[in-house]
Amino acid sequence: MSMENNTGTPVLELRNIEKAFSGSTVLRDISVTVNRGNVVSIIGPSGSGKSTLLRCASFLETADGGDILYDGDYAMRGGRYAEKNRLREFRSRFGLVFQNFNLFPHYSVLRNIAEPPVLRGVPKEKAEEKALQLLQKMGLSGRENAYPYQLSGGQQQRVAIARALALEPEILYFDEPTSALDPELTGEVLKVIRQLAEEKMTMVIVTHEMAFAKAVSEWVVFMDGGVIVEEGPPDLVLENPEMERTRQFLTNYQK
Amino acid sequence: MSFLSMVLKMSEGLSKTCAIFFLTLLFSLPLGMLVALMRMSKNRFLSGITRGIISVLRGTPLMLQLLAVTYGPYYLFGFSVSRNKLIPVVIAFAINYAAYFAEIYRGGIESIPKGQYEAAEVLGYSRFKTFMRIILPQVVKRIMPSITNEVVTLVKDTSIAFTVSYQEMFTIGKQIANSQTSFMPFVVAGLFYFAFNALVDFVMGRAEKRLNYYR
């Protein structure tokens, strides 16, 4: 992947996203742009809409209004999604790592990672070879024949990351990737994400790990009550926030 | 009549008992899935109707349903479904068991976490592939104990076919019991069912074990 060549071009553009669940507004006029090779972290209290935003970008939730663009192509325009087949194609451009991993329990680690590319037409041997490479990168060499229940949470999440990477997405989303893990296991997952950031993987990370967000992100978005309260480079937003609400959140967090 | 000839005579009916058993499973297992999918349909009319049908099938005796399928057409339209009683018996059994299986399937399908569907969707699985490859295998594992329950019950329920005089094992046993004024045929029948179910337990236990490679 030659990502360095066109740093600065937007991979994902969310414009004026609106979303309500049975009458109550969850997202109000949210616009976020993620440039190639950048890491954007979204922070904020529970219920602020940050996960919903990721779920809208990955079509798991249906936004009510706004535009979603991948590489300048409209996946949604003015609240209207592209047709089914188009969306399927758009899905191959991003990967999503869930809080609860959502590995397929009846598949071996290898099949979890290799089957999706095979369904998209990659020859089986090639997909498995790639899966083994990714496992090695995740520090999980030799676990390809294990089943998810035989792995720790941290290992399962790394398999989930490998599974997302196997489809060679242009952008990778993380929805609180360490929130379901024992504290002592978060490190191994964060390390892998950090490594991806160093390789200039484009990523959006919803997280509660402030130190981590500060270390890996080019841009931090603070959301509360369905709106973006403040955004900017991490040393500004996380160290010297302008808004009182951001300051309050960060202080509460450090307690 | 000697004990041995009694056993031999009754075991002649065993092939018909087995026919009811296997044919009922053959038809009701897939039919149950169809009914479950209809029951879970987003179309409220379809799911409502299906719910009503399931409710009737589970809420009335199988014996009554068997009588209705076997003799109903004659009283209503003046013809019988078939002179071969196996056909109405299997129809009644398959429909009745499909209703039970449908509810078991539904419970299994609804117990699969939403995250499995979402992961499959994001990874590009079509809806059909998601169901066949991701959801169904997990459902099968979860519902195995309930299915075993129903299968065991079915073995014993085959005896209900005596009400329409289908010559399966229990019907023959009952006839011998009447003509010989002996209780022995019922003991033999009990032993037959128990042995049959021991086999069912063994087979289903093996199947469950085979699915134990994951949790």
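Which residues are linked with A:R36 in a network of salt bridges?

## Network in chain A

A:R36 is linked with A:D71, A:D73, A:R86, A:E89, A:R93 and A:E170 in a network of salt bridges. A salt bridge is a side-chain nitrogen of Lys or Arg within 4 Å of a carboxyl oxygen of Asp or Glu. Over all chains, the structure holds 25 salt bridges.

## Basis of the model

This is a predicted model, in which local features need pLDDT of at least 70 and side-chain atom pairs count only at pLDDT 80 or more, while totals for chains, interfaces and linings use all residues. Residues are numbered from 1 along each chain as its sequence is written, chains are lettered from A and ligands numbered from 1 in the order in which they are written, and side-chain values use heavy atoms, with hydrogens and water left out.

## Links between helices of chain A

A:R158 and A:E188 form a salt bridge whose closest N and O atoms are 2.7 Å apart. Because A:R158 belongs to helix α5 (residues 153-165) and A:E188 to helix α6 (residues 183-198), the pair ties together parts 30 residues apart in sequence. Helices (H or I, at least four residues) are DSSP runs, numbered from the N terminus. A:R158 is buried at 9% relative accessible area, whereas A:E188 is partly exposed at 24%. Buried means under 20% relative accessible area, exposed over 50%, and partly exposed in between (1.4 Å probe, protein chains only).

A:E239 forms a salt bridge with A:K214, with 3.9 Å between the closest N and O atoms.

## A pair within one helix of chain B

B:E103 and B:R106 form a salt bridge at 2.9 Å between the closest N and O atoms. Both lie in helix α5 (residues 86-110) of chain B, 3 residues apart, so about one helical turn separates them.

Notes. Helix = DSSP H or I, 4+ residues; strand = E, 2+ residues; numbered from the N terminus.
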